[in-house]
Amino acid sequence: MRILLVEDDKPLSDALSSSLRRVNYVVDCVFSGREALTTLLASQTDILILDLGLPDMDGLEVLRKVRRNAPALPVIILTARDKTTDKILGLDAGADDYLPKPFEIDELLARLRVLERRLGTANSALIQVGKVSLNTQTLELTVDGTPASLPRRELMLLKVLIENAGRIQSKQQLESRLYEWGEEVASNAVEVHIHHVRKKMPKGFIKTVRGVGYCIPVAGA
């Protein structure tokens, strides 16, 4: 899951992004409204976390511009504006949630999980395809009933593939879910991750569609 964090307080941005990365989110950080709008056009974003007190434009203006181009993008507002009227303005402008500062990181993570469920990538946190099951919230993985482990990026790659079982994911789509904006990515990074994941999976679990990408076939599809 890829998050765009728009927060001009650098220490807070660093603290939030570190906490989000520890629970396996990919986080892009920007510090102004214009950077946010440019990044949303240039890269894939699943959830937007938006501060209102930005240096170049009000966060509500940013939100209104976002809603013109991305009406379905989940948005959480983080702000020191904690009056009821401010919350109403934010929700009316198109926010899905509104979290006043200061807040506990656990509350933010809980609200993110709610938005993830709304995205509808899976009907349940526990997804099973053949002999492989993955809890997409706890990231517990079992293969043929036996617990298995993978490094963070390879587990996230498997999560994307298993949530989209039966649908091909291109190399570019997988890169966008594994790496942050501006992060250097080796040309064969996805191929290397796929190779390592396959070692832990049943034979033929991940199919290569030559020249297109990768998928996990679904029986009868």
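Is the crossing of H2 and H3 left-handed or right-handed? In this predicted model, the crossing of H2 and H3 is right-handed. Let us look at that pair first, then move on to the sheets.

Helix H2 covers residues 33-42, and helix H3 covers residues 59-69. Their axes lie 10 Å apart and meet at an angle of about 15°. Angles under 35 degrees count as roughly parallel. H2 and H3 are therefore roughly parallel to each other. Which residues make the contact? From H2 come Gly33, Ala36, Leu37 and Leu40. From H3 come Val62, Lys65 and Val66. By class, this contact has 5 nonpolar residues, 1 polar and 1 charged.

Now turn to the sheet of 5 strands. This sheet is open, and its order is S2-S1-S3-S4-S5. The pairing is parallel. Strand S2 (26-30) and strand S5 (97-100) stand at the edges. Each has a single partner strand, so one side of each is left without a neighbour in the sheet. Neighbouring strands are turned by 20° against each other on average, direction ignored.

Look inside this sheet at strand S1 (residues 2-6) and strand S3 (residues 47-51). They run parallel and are joined by 4 bridges. Here Ile3 stands opposite Ile47 in S3. Helix H5 (residues 105-119) lies across S1, S3, S4 and S5. H5 runs at about 140° to S3.

Another sheet has 4 strands. This one is also open, with the order S6-S7-S8-S9. Its pairing is antiparallel. S6 and strand S9 (146-148) stand at the edges. Each has a single partner strand, so one side of each lacks a neighbour in the sheet. The twist averages 25° from one strand to the next.

Strand S6 (residues 126-129) and strand S7 (residues 132-135) pair in the antiparallel sense over 4 bridges. Val129 stands opposite Val132 in S7. The two strands form a hairpin with 2 residues between them. In the turn, Gly130 has a positive phi of about 60°.

Ile127 and Val129 form the covered face of S6. Leu126 and Gln128 form the uncovered one.

Thr142 stands opposite Pro147 in S9. Finally, helix H6 (residues 152-163) lies across S6, S7 and S8. H6 runs at about 105° to S7.

Terms used: Residues numbered from 1 in each chain as written. Predicted model: local features only at pLDDT ≥ 70, side-chain atom pairs only at ≥ 80, totals over all residues. Heavy atoms only, no water. Axes fitted to C-alpha atoms, helices over the stretch in contact; angles between N-to-C directions. Parallel < 35°, antiparallel > 145°, perpendicular 65-115°, else oblique. Left-handed = near helix turned anticlockwise from the far one by under 90°. Contact = heavy atoms within 4.5 Å. Nonpolar A, V, L, I, M, F, W, Y, C, P; charged D, E, K, R; others polar. Buried < 20%, exposed > 50% of the residue type's maximum accessible area, 1.4 Å probe, protein only. Pairing = 2+ DSSP bridges.
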